[in-house]
Amino acid sequence: MQKTSLIGHIIEVYSEFANNSAIPADAVLRRFFLNRKYLGAGDRRQVASAYFGAIKNYLRLEVIAQDASPSEIHKPELIIAAYFIVFDHASAKDMQQFIKGLPNEFKYDYHLEVFEMMADREREEQRLYLLSKSERLSIFQSFPAWFVREIDDEYGDDAEALLSALNGEASTVLRVNTTVTTRDKLRKEILEQGVESELSQISEYGLILRKRINVWDLAAFKRGAFEIQDEASQLVAPFADIHSKRIKILDACAGAGGKTLHLSALLENQGEIFSTDVDPRKLEELKKRVVRSKAQNVRIVHPDQYEKILGDKPGWFDIVLLDVPCSGTGTLRRNPSIKWNLTEEMVAELVVKQRAILERNIPFIKPGGTLLYATCSILKSEGEDQIEWFCKEHPDFHLDEKKRIHPERDGCDGFFAARLKKVIPA
C-alpha cells in the first residue's frame with residue numbers, strides 16, 4: 001500500500017477512536033480491520049503500530065499540533081502527522097504532501113510552516129521548560145495531570161522512567177501449559193513453524209515472541225499447549241507458594257481464567273479449583289479454555305450458582321485468590337485508552353470495591369490458609385496501601401510476602417501481589 005493511503009487509514013481509525021474513547025482502543029481497531037479485509041498483514045501491523053503510538057502519546061501530539069495550527073477543533077490528520085514527524089522522523093515536506101494527497105475527508109492543503117513547527121524539537125523543549133515538573137511530564141509523557149502527580153509522589157526519581165515504560169510496546173508472551181508440554185518442547189515446536197522466541201527471565205513458564213504473529217492459528221495453541229499471558233501475570237499463581245497438590249483453591253475474581261488455568265497446571269490436575277466471577281460471559285470463555293487446556297480440576301461457579309455451591313464452604317479453602325478489579329494502570333502498554341478514561345474518583349471507587357471483595361471472601365479461608373491478593377495496578381493505593389489497611393482491620397492475618405513488579409525495571413506489565421496467612425488459633 002502506498003504511504004499516503006496507509007496514513008489515510010491510520011488517521012481514519014484514530015478518528016474513530018477519538019470520537020468513541022470510551023470504547024477500548026483494541027476493540028475499535030478490530031472493528032476497523034474487520035470492515036477492511038483487503039488490508040494485508042504488513043499493512044495491519046503498520047496501521048496498528050502508529051494507531052497505538054498516537055493514542056499513547058496523544059497529549060504531547062495534541063500540544064504540538066495545537067502550537068503549529070491553533071484551533072478548538074480536534075484535527076486527527078495533524079495528530080497523526082505529528083506522530084510521524086516526532087516518532088518516525090518524517091520530514092515536514094513529506095507530511096505536508098501526504099496530508100494534501102489523502103484519499104479521504106481528512107485531506108487538507110496546510111502551509112509547510114505548520115509541519116516545520118511540528119518538527120522543531122527545540123521549540124518544543126523551550127515550551128516545556130517553562131512548565132512545572134508535573135506539567136512537563138504530563139505533556140511530554142502524555143498522561144493526565146492527576147495521574148502524573150500521583151506517580152511522582154509515589155515513585156519520586158523513578159516516575160519519569162516508569163511513565164516512559166508505560167508508553168512502550170508490549171511483547172507477545174506465551175505461558176507454557178505444563179499439563180500438555182514443557183517450555184523447551186514448546187519453543188522447539190513453534191520454531192519449526194518459523195516462530196522465534198526467547199526464554200523469559202522473569203517467569204520460568206514464559207516465552208517471549210520476537211515478532212508479532214497470529215498465535216491463535218498455531219497448532220500448539222489449538223491443542224492447549226500455551227496461553228497468552230504477560231510475564232508479570234505469570235508470576236501470580238507460583239506466588240501462592242503451593243506445597244501440596246491436594247488442596248482446595250477459590251479463584252473468586254477469575255475473569256476469563258488465566259490464573260485459574262495456571263494454578264491447575266501447577267497442581268498437575270490434582271486438588272480442586274473453584275472459579276467464579278460476577279460476569280458470566282467471562283466464565284463462558286473460561287469454560288472453553290478449560291476444555292482446550294485439558295484442565296480436569298476446575299469447577300466453574302456461575303453467579304446464579306454461587307450460594308448453592310459456595311454458601312456452605314466458609315473455612316474450607318487452603319488458598320483464596322483475589323485478582324481484584326482495578327485501574328489496570330500496569331497494563332497501559334497494551335491498553336493505552338485506559339489513561340484517557342480513568343479518573344481519581346474512579347480509583348477511589350475501586351479501592352472501596354476491592355475492600356468489599358476482601359471482606360466478602362476472607363471467610364472462605366481455613367485457619368493456616370493463604371489469601372493471595374493481586375492487582376495489575378501500579379498505584380500503591382490499590383496495592384501496598386490496601387494491604388496495610390487490611391492487616392490493621394484483620395489482625396488474624398499476617399503478611400507473609402509481597403511483590404511489586406516495575407515495568408521500567410522488569411520490562412513487563414506492572415503488578416502487585418501480596419500473600420497473607422490466616423493465623424491458626426492457639
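Trainee: Why is Cys253 called buried?

Mentor: Cys253 has a relative accessible area of 13%, and buried means under 20%, with exposed over 50% and partly exposed in between (1.4 Å probe, protein chains only), so Cys253 counts as buried. Bear in mind that this is a predicted model: local features need pLDDT of at least 70, side-chain atom pairs count only at pLDDT 80 or more, and totals for chains, interfaces and linings use all residues. Residues are numbered from 1 along each chain as its sequence is written, and side-chain values use heavy atoms, with hydrogens and water left out.

Trainee: And what makes Cys376 partly exposed?

Mentor: Its relative accessibility is 28%, so Cys376 falls in the in-between class.

Trainee: How do you know that the count of disulfides is zero?

Mentor: A disulfide is a pair of cysteine sulfur atoms within 2.5 Å, and by that rule the count is zero. For Cys253 the nearest cysteine sulfur, that of Cys326, sits 10 Å away.

Trainee: Why are α1 and α5 called oblique?

Mentor: Their axes, lines fitted to C-alpha atoms over the stretch in contact, with angles from 0 to 180 degrees between N-to-C directions, cross at roughly 120°. Under 35 degrees is roughly parallel, over 145 roughly antiparallel, 65 to 115 roughly perpendicular and the rest oblique, so α1 and α5 are oblique to each other.

Definitions and conventions: Helix = DSSP H or I, 4+ residues; strand = E, 2+ residues; numbered from the N terminus.
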